[in-house]
Number of protein chains: 2
Amino acid sequence: MAQVVADRRDVDFVLHEQLQVEKLCQYEAFSDFNKKTIDLIVSEARNLAIKELFPLLKEGDEEGCTFNNGVVKVPACFHKAYALFREGGWIAMSDDPEWGGQGMPATVALAANNYFNGSNYPFMLHNILAHGAGKLVEKFGTDKQRELFLKKMYSGEWGGSMLLTEPEAGSDVGALTTKAVKNEDGTYSITGNKIFISSGDTDLVPNIIHPVLARIEGAPAGTAGISLFLVPKIWVNDDGSFGEPNDIICTGIEEKMGIHGSPTCSMALGSKGFCRGTLLGEENKGMRAMFVMMNEARLHVGMQGFSCASASYLNALNYARERVQGKSLEATDREAPGVPIIQHPDIRRILLTMKSFSEAMRSLLFYTGLMEDMVKLSTTPEDKARYQGIIDVLIPVAKGYVTDRAFEMCSLGVQVFGGYGFTKEYPQEQLLRDCKITQIYEGTNGIQAMDLLGRKLGLNKGDALKNLLDEVQKTIEVAREIESLKGFSRSLEMQSAQLKQVALYLTEKLRSGEILNAFANAQPFLDVTGDTLMAWMLLWRAVVATAQLDAKPKKKDLPFYEGQLKSAQFFINSVLPHSLGKMSAIMAGDTSVTDISEEAFGGK
Amino acid sequence: MAQVVADRRDVDFVLHEQLQVEKLCQYEAFSDFNKKTIDLIVSEARNLAIKELFPLLKEGDEEGCTFNNGVVKVPACFHKAYALFREGGWIAMSDDPEWGGQGMPATVALAANNYFNGSNYPFMLHNILAHGAGKLVEKFGTDKQRELFLKKMYSGEWGGSMLLTEPEAGSDVGALTTKAVKNEDGTYSITGNKIFISSGDTDLVPNIIHPVLARIEGAPAGTAGISLFLVPKIWVNDDGSFGEPNDIICTGIEEKMGIHGSPTCSMALGSKGFCRGTLLGEENKGMRAMFVMMNEARLHVGMQGFSCASASYLNALNYARERVQGKSLEATDREAPGVPIIQHPDIRRILLTMKSFSEAMRSLLFYTGLMEDMVKLSTTPEDKARYQGIIDVLIPVAKGYVTDRAFEMCSLGVQVFGGYGFTKEYPQEQLLRDCKITQIYEGTNGIQAMDLLGRKLGLNKGDALKNLLDEVQKTIEVAREIESLKGFSRSLEMQSAQLKQVALYLTEKLRSGEILNAFANAQPFLDVTGDTLMAWMLLWRAVVATAQLDAKPKKKDLPFYEGQLKSAQFFINSVLPHSLGKMSAIMAGDTSVTDISEEAFGGK
């Protein structure tokens, strides 16, 4: 049967053959898991996704969320799915069982999330927010806060959100003006307005625990004076019973291009003067807590965007196999019959583009999950720092580069359907609309690019990037010894060497004070870094596939492994040369972006 | 005041300074026009667009079209705008005054259309369809058909459409099955079903004249057996009076991602057995008529996509000048004030990308219009053929390349607005949604790429492309003599030379029977051809701007001309190198796209 949402064979390939996730089970922390349980988890996630979530994708989009008399409602059909999702314990997959988590490797949780997000990502947003808010409580909460909130959040009984953005504080979080004043009982009174709050209110759950960024009276300006608070929608007494509704209300929801099933709320705190919260973590250390959570959140956004692309690819592939249109370009007979459009070279080029990017993105995201697992399993500070550094470099790529490419893939996925792709008869146009926000929220991709260039390039004196590129080099060296991959290995080595030159060039610009010219190349630098990592993942896959082919696999596995070689071949021969062009453009050192006067942009 | 929709200074620059459209007025055919009247036309179009059409963009999108009890209604607010549009005589701007046209140069009509499409392109679709259908009547109709229909269509009293696509005949028009049987009175009885018919029905006009592609009983299979018919919604008697309603009905409208103000209809012809039409042109020559019209239609689609990008750029620019967010990257003071985001290098990079592409696309489209005017004015068959050949090569670029880039520009235009860009509060997300269909209809961009490679590359034994590249060379040679442009001139010359190599390489592939491998590179070839033409247009603009700067222009014009130099500099230094990379990818001759087995795409 045709695969939908995500290609199971490929998910398994990355988990078991490329990343060998089973090895994690040798460690105490994951000793409850083995290949069989991992496969079962993926199967159950896939079942739930395809049977329950995917059928609601269109309905959720069309019904959307409503805001009436202060009440936010999500699409009615989401309620049953949410009950199933909660029952399965899918909200806190890789979290501590002490708090109701399933304790599974992050890598495996990502595989499950690939299915969930690919089948109905607007539905999933609520769960991801609840989990993220819970994680903040777990990491920074007092024993009391954890006891009161955490199990209920990880189980999905209550929801969570993240109140960060304000009308004048978007990319510039430090500009926020929401105020907190300490009360005699140790709680804080909070007043302010927040916007763009996903799941700021919902009728899925009776209570929502809102982490809120605010500035304590008298605290420094900018990010150094920001603290984090927990503000429950309904107050929770010390014995766990419900108190009064808190003074935090949704004042409206956005009309958006996509993710209609997820309410994007404007929130007023303390408009009636009695919004209360408790401090989460230390005073003025709110941004530090945010940064700790940011990697997880950004990796999730990458997964959301990628999952749209993954679903779009399979839809396009299945359609191309069935849709008969036009005769073969090689047919000489005027009356030659029509053929499935997968036989047309332009469609094949689109499909192979989607395939190779989808596969490379899947590997990159799962690999980032593996690095998270390795941080958890590391026994020395050096190992931990090394893995964490690799994650830190990967995150802007996993969020920024991946969602940029995912949006392009979703756009190609519409093209394969021709006019039908533009209609609501097929999911392609919704995947494109939903995917668009992944390039924007959790830090626009411009912010991701600045993060890579400004923070990550020089992280640990440049060792973080170097360590990652050392991993790339390992694959190059293995591939070099395989006759059929020698050429690809050389191409990736050239790409990687050139990337190092570009990194040095930009580092030098930053050092010499050419800040603006350096950052004008932030996005191109993110692009070429991502290109390199895509090629790495595909070459790595090709190495694994070659070994499997040499070992005479079952006949039914042959096309899959051959497909791995083709993805690597296509990407390295047909996409990587663009990247070399992009790098030479960076090195050309053009300064038009910074030189041009504001007036010269025109428009007046 | 801030410019919206299209930058008037830039529109004037292309018309008067780059293309010197006033020279056309020296010819008899355009002797009624001069610079003053041309400027007046653009001003009036701009006024109507900005004051009447643009304010309806969002309302039209939200209200959309309805289909109830067989009746199609467009957004109610479109009716008044349509009356104004008709009154202004904007439907048939460059057509023969004998039939109610305004007889203006096509180049000038495109400038007006830039404003109309940029302000409300879903509204404009009706008018473009009416005009296109009218053009078919003008070109292929009998005296009687012209007398009965044409003035009413060109004046907008009646509408028009184009019934081409069927469920199983989309890109492959030759597969259509709609049948025509000749009646004794010379009319034809027509039966069949058509889909994706823009303006197939509407309540804007009392009658619609439908050109319909159908196959006469016994005609050959494929495109060779297709004829064109005129099927009025309400029959028109020989004296011009209304007869009975014809048996052509709308059976439903599509729910779409965008262009909600334009009804996309499914049409049933002859379901009750009495659909009548008259032959338009000759039997079995329907496709030939289509091809004659295709250039105009595709140029219009390019204009639609580009106009979305042009509007998105100006919106983004205006927003970036006003939105304060984040301090300068060069600020060392923690308490430094926020700055307008146009000061941030990543935003400037996005804006300069949008600016340079918008400008180059505008020049390319207007230039194509100029070539149409030159065909009209040519007095020798050689001249006519030369200009026509250039048009033929330009069309797939003007449609395919332009709309591909336009969609990307609209996506960037969302990014500049951050989270706001995803909301319906600003037009950015609608421009992106509306723009998407321009990559699909009137021949998907894959089809455009195949047209360029398969038909246009070898057109007139390759002379058509050669003649176009000769024009490019002329600009290179002028720029070479200007010290400040010498470097850019060299870069474009290298690009152009490399493009010729790629063209030769692909021609050789086609000749040697490597059809599939050649067409696997159709889209990349379209991309690099378009890149070259963009760079040409920007260098040409820079040549003109340099001359103007040398002539000591008014102070208020300085930033505009400097902006021209910056666009050329940015594109040639920062975008063209990618194109060289793309060309080396083509020349690498990778065959993975054609080699990969269908099974190896996975998904099973």
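How exposed is B:Arg455, in terms of relative accessibility? At 48% relative accessibility, B:Arg455 counts as partly exposed; here buried means under 20% relative accessible area, exposed over 50%, and partly exposed in between (1.4 Å probe, protein chains only). The views below come from a predicted model, where local features need pLDDT of at least 70, side-chain atom pairs count only at pLDDT 80 or more, and totals for chains, interfaces and linings use all residues. Residues are numbered from 1 along each chain as its sequence is written, chains are lettered from A and ligands numbered from 1 in the order in which they are written, and side-chain values use heavy atoms, with hydrogens and water left out.

View 1. B:Arg455 pairs with B:Asp451 in a salt bridge, with the closest N and O atoms 3.0 Å apart. The rule for a salt bridge asks for a side-chain nitrogen of Lys or Arg within 4 Å of a carboxyl oxygen of Asp or Glu. Both partners sit in helix H11 (residues 445-456) of chain B, four residues apart, so about one helical turn separates them. Helices (H or I, at least four residues) and strands (E, at least two) are DSSP runs, numbered from the N terminus. While B:Arg455 is partly exposed, B:Asp451 is buried at 4% relative accessibility.

View 2. In helix H1 (residues 8-18), B:Asp12 and B:Arg8 are four residues apart, about one turn of the helix. Their side chains meet in a salt bridge at 3.0 Å, N to O, and both residues are buried. Elsewhere in the chain, B:Arg405 bridges to B:Asp527, with 3.4 Å between the closest N and O atoms. B:Arg405 belongs to helix H9 (residues 381-416) and B:Asp527 to helix H15 (residues 522-550), so this pair ties together parts 122 residues apart in sequence. B:Arg405 is buried at a relative accessible area of 8%, and B:Asp527 counts as buried too, at 13%. Over all chains, the rule counts 68 salt bridges.

**View 3. The interface of chain B and chain A.** Chain B puts 101 residues into the contact and chain A 100 residues, where contact means heavy atoms within 4.5 Å. About 8,600 Å² is buried between the two, with carbon and sulfur atoms giving 61% of it. That figure is the accessible area (1.4 Å probe) that two parts lose on being put together, summed over both. The rule finds four salt bridges across the interface; A:Glu168 and B:Arg323 meet in a salt bridge at 3.7 Å, N to O. There are also 40 residue pairs in polar contact across the interface, both residues at pLDDT 80 or more. A polar contact is a pair of N or O atoms within 3.5 Å; within protein, one must be able to donate a hydrogen and the other to accept it, and residues adjacent in sequence count only if both atoms are side-chain atoms. On the side of chain B that touches chain A, helix H16 (residues 558-587) gives the most, with 14 residues.

View 4. Leaving aside neighbours within four places in sequence, A:Asp346 is in contact with B:Gly446, B:Phe519 and B:Gln523.

**View 5. A:Gln564 in helix H16 of chain A.** A:Gln564 sits in helix H16 (residues 558-587) and is buried, at a relative accessible area of 0%. The side chains of A:Gln564 and A:Glu359 are joined by a polar contact of 3.4 Å. Beyond neighbours within four places in sequence, the contacts of A:Gln564 include A:Asp10, A:Phe13 and A:Lys355.

View 6. A:Asn284 is not a glycine, yet its phi is positive, about 65°. B:Ser199, also other than glycine, has a positive phi near 55°. B:Ser199 is buried at 2% relative accessibility, whereas A:Asn284 is partly exposed at 27%.
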